Amino acid sequence: MELQILDLELTVCKIKDLEQVDFSREFVFLAKTDEEISLVAETAYIPANTVVAEEGWRAFRITGIIDFATVGVIAKISGLLAAASLGIFVISTYNTDYVLLKTEDFAPGVQVLLANGYTVR
């Protein structure tokens with residue numbers, strides 16, 4: 001399986017509303033529930049109406065489109081990284097999944113995945 005490193009510094013945050021979100025940016029992930037609005041975006045473009053933020057994330061995308069019937073993709077990756085004591089934050093879109101690691105854990109995480117047969121570019 002191939003993983004593509006995103007050359008972005010990301011922040012995971014909770015925001016008050018959508019008014020200040022810059023949807024023109026290349027990478028903006030938004031989740032809204034009855035309890036909160038969560039945003040993952042480039043650190044430089046986090047809105048001022050942020051309630052709480054966790055900076056310092058890097059990410060890779062699982063390349064290609066993952067069919068909904070495909071089982072265990074995230075389970076295998078998360079298991080390998082958990083065994084190396086590396087925490088992750090996962091976001092999913094219709095086509096694929098993204099795995100975020102803290103910046104200081106990113107290089108060790110990539111090494112774990114390379115050692116276990118993943119292609120990382």
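The model is predicted, so local features need pLDDT of at least 70 and side-chain atom pairs count only at pLDDT 80 or more, while totals for chains, interfaces and linings use all residues. Residues are numbered from 1 along each chain as its sequence is written, and side-chain values use heavy atoms, with hydrogens and water left out.

**Stop 1: helix α2**

Select residues 103–115. This is α2, with 13 residues and a reach of 19 Å from its first C-alpha to its last, close to the 18 Å expected at 1.5 Å a residue. Helices (H or I, at least four residues) and strands (E, at least two) are DSSP runs, numbered from the N terminus. The expected span is 1.5 Å times one less than the number of residues.

Next, colour Phe106, Gly109, Val110, Val112 and Leu113, which are buried. They lie on the same side of α2 because they cover an arc of only 160° around the axis, taken from the directions from the helix axis to the C-beta atoms. On the other side, Glu104 and Ala115 are exposed. Buried means under 20% relative accessible area, exposed over 50% (1.4 Å probe, protein chains only).

Now show β1 (2–15), β4 (50–62), α1 (73–83), β6 (97–102) and β7 (119–120); the buried residues of α2 pack against these elements.

**Stop 2: Leu113**

Centre on Leu113, in helix α2. Leu113 counts as buried because its relative accessibility is 0%. Leaving aside residues up to four places away in sequence, Leu113 touches Leu3, Phe60, Ile77, Leu80, Leu81 and Tyr118; contact means heavy atoms within 4.5 Å. Leu80 is 33 residues from Leu113 along the chain, and their C-alpha atoms are separated by 7.3 Å.

**Stop 3: the cores**

Select Leu3, Phe60, Ile77, Leu81, Leu101 and Leu113, the residues with the most contacts inside the largest nonpolar core, which has 16 residues. Such a core is a set of buried Ala, Val, Leu, Ile, Met, Phe, Trp, Tyr and Cys residues joined through side-chain atoms within 4.5 Å. Two or more residues come from each of β4, α1, β6 and α2. A second, separate core has ten residues, including Leu6, Leu10, Val40 and Leu100.

**Stop 4: Ile77**

Move to Ile77. Among the residues Ile77 touches, not counting those up to four places away in sequence, are Ile62 and Val99.
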